[in-house]
Amino acid sequence: MSLMNRICELFGIRYPIIAGGMVWCSGWRLASAVSNCGGLGLIGAGSMHPETLQEHIRKCKEATDRPFGVNVPLLYPEPETIMRIITEEKVPVVFTSAGNPKTWTGFLHEHGIKVAHVVSSSKFARKCEEAGVDAVVAEGFEAGGHNGREETTTMCLIPQVHGSVGLPLIAAGGIGSGATMLAAMVLGAEGVQIGTRFALTEESSASEGFKRFCTGLGEGDTFLMLKKISPTRLARNPFFEQVSEAESRGAGREELAELLGRGRAKKGIFEGDLENGELEIGQNVSQFKEILSVSAVMENIVGEYNRLAAGLERLG
Ligand SMILES: Cc1cc2nc3c(=O)[nH]c(=O)nc-3n(C[C@H](O)[C@H](O)[C@H](O)COP(=O)(O)O)c2cc1C
């Protein structure tokens, strides 16, 4: 891959491959491993208390001298504290999600930080442009974690967003191989954000039980649930069945929020409680049958991308 495009230039990275921030998966180990392989690793602040985030940022700086970033879901209860830590620690890149891109972009820019924001529609991609972010992540319905209500797939979303904004575009949702990365680039993306494939690596901080469970999942084993409160793609397990039963009899927001309670994702992903936990993972999980190291994942993606791109050039 000899890509020196706007995403590589913006973040100072070799490959336009970003490991998305993922609650309970993306700590300093995963983020630094991805950055050390030439991508951009993100620490997921969504599951960290401020002091934990600070510790992860410091460990990440010790483990890599390459650029890395922090993902801040803007629903976070203490965004001011988180943003102060990020600026004090001189983190070079922030990916914001689940909120208004206008709120923090100016502040982060004043501190010399590059900003990308995650969206699931062209409408919100245009808001990112207005807010002055440096890049936009367009995340399709296939993705693991919280997701757009509209259910727009990556295949439909990327060309739409590409046609709507001039910002450097990062595609997310269902990408975890060289082939899917190349497809996203053909559709107009200049980089990819990958979650599920990196959640199932040795360096991910998810529990072994969660990782093993996920490698056993097949097609059709994840669904977008909890649309009335916060649409989230979940794998089937007993907790999923409870949500499904409640939703099919028309349970309202309050009942669903009570059923979800607090700490469900931690229980499922980090503690490996496969019965009662919320198991967030993407639709392409069915393609990943092995827990690999980050370097093996990166080599596979870059190798396959190069082989297929060379084949496409010959076809043209
Ligand atoms: C377990 C898990 C947790 C996630 N947590 C977050 C999060 O905290 N913040 C966020 O912006 N996106 C989160 N995501 C989405 C990822 O950052 C990424 O955009 C998405 O996983 C890409 O799609 P893929 O799973 O098909 O690769 C999460 C995804 C997964 C699988």
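Modeller: One definition before we start: axes are lines fitted to C-alpha atoms, for helices over the stretch in contact, and angles run from 0 to 180 degrees between N-to-C directions. Also keep in mind that this is a predicted model.

Colleague: Noted. Which strands does helix H2 lie across, and at what angle does it run to S2?
Modeller: H2, residues 28-36, lies across strands S1 (17-19), S2 (40-44) and S3 (68-73), and its angle to S2 is about 170°.

Colleague: What order do the strands of the barrel take?
Modeller: The barrel is closed by 8 strands in the order S1-S2-S3-S4-S5-S6-S8-S9, with parallel pairing. On average, neighbouring strands of this sheet are turned by 25° against each other, direction ignored.

Colleague: How many bridges join S8 to S9?
Modeller: There are 3 bridges between S8 (residues 169-172) and S9 (residues 191-194), and the two run parallel. Alanine 171 is found opposite valine 192 of S9.

Colleague: S7 isn't in that barrel list. Where does S7 sit?
Modeller: S7 belongs to an open sheet of 3 strands, ordered S7-S11-S10 with antiparallel pairing. S7 and S10 are the edge strands, each pairing on one side only.

Colleague: How many bridges hold S11 to each partner?
Modeller: S7 and S11 are joined by 2 bridges, while S10 and S11 have 4. Glycine 145 stands opposite arginine 233 of S11, and methionine 225 stands opposite threonine 232, also in S11.

Colleague: Are the side chains of S11 buried or exposed?
Modeller: Thr232, Arg233, Leu234 and Ala235 are all buried. Thr232 and Leu234 point one way from the strand, and Arg233 and Ala235 point the other way.

Colleague: What lies across that sheet on the helix side?
Modeller: H11 lies across S10 and S11, at about 45° to S10. In H11, residues 238-248, the buried residues are Phe239, Phe240, Val243 and Ala246. Seen down the helix axis they fall within an arc of 125°, so they line one face of H11.

Colleague: Why would residues with that sort of spacing end up on one side?
Modeller: An α-helix has 3.6 residues a turn, so residues three or four places apart point the same way.

Colleague: What do the buried residues of H11 pack against?
Modeller: They pack against strands S10 (222-225) and S11 (232-235), and against helices H12 (253-260) and H13 (264-270).

Colleague: How do H11 and H12 pack?
Modeller: Their angle is about 170° and their axes are 11 Å apart. Angles over 145 degrees count as roughly antiparallel, and H11 and H12 are therefore roughly antiparallel to each other. H11 makes the contact with Phe239, Gln242, Val243, Ala246 and Glu247, and H12 with Glu255, Leu256, Leu259 and Leu260. By class, that contact has 6 nonpolar, 1 polar and 2 charged residues.

Colleague: And what comes just after H11?
Modeller: Glycine 250, with a positive phi of about 80°.

Colleague: Changing topic: where is phenylalanine 141?
Modeller: Phenylalanine 141 is in the loop between S6 (135-139) and S7 (145-146). Its relative accessibility is 17% and buried means under 20%, so phenylalanine 141 counts as buried.

Colleague: Which residues is phenylalanine 141 in contact with?
Modeller: Setting aside neighbours within four places in sequence, phenylalanine 141 is in contact with Asn147, Glu151, Thr152, Thr153, Thr154, Leu224 and Arg233.

Colleague: Which residues other than glycine have a positive phi near 55°?
Modeller: Lysine 90 is one of them, and alanine 98 is another. Lysine 90 lies in the loop between H4 (79-88) and S4 (93-97), whereas alanine 98 is in the loop between S4 and H5 (102-110).

Colleague: How accessible are lysine 90 and alanine 98?
Modeller: Lysine 90 counts as exposed at 69% relative accessibility, and alanine 98 is partly exposed, with a relative accessible area of 40%.

Colleague: Thanks, that helps a lot!

Technical notes:
Residues are numbered from 1 along each chain as its sequence is written. This is a predicted model: local features need pLDDT of at least 70, side-chain atom pairs count only at pLDDT 80 or more; totals for chains, interfaces and linings use all residues. Side-chain values use heavy atoms; hydrogens and water are left out. Buried means under 20% relative accessible area, exposed over 50%, partly exposed in between (1.4 Å probe, protein chains only). The arc is that of the directions from the helix axis to the C-beta atoms. Contact means heavy atoms within 4.5 Å. Two strands pair if DSSP finds at least two bridges between them. Angles under 35 degrees count as roughly parallel, over 145 as roughly antiparallel, 65 to 115 as roughly perpendicular and the rest as oblique. Ala, Val, Leu, Ile, Met, Phe, Trp, Tyr, Cys and Pro count as nonpolar, Asp, Glu, Lys and Arg as charged, and the others, Gly among them, as polar.
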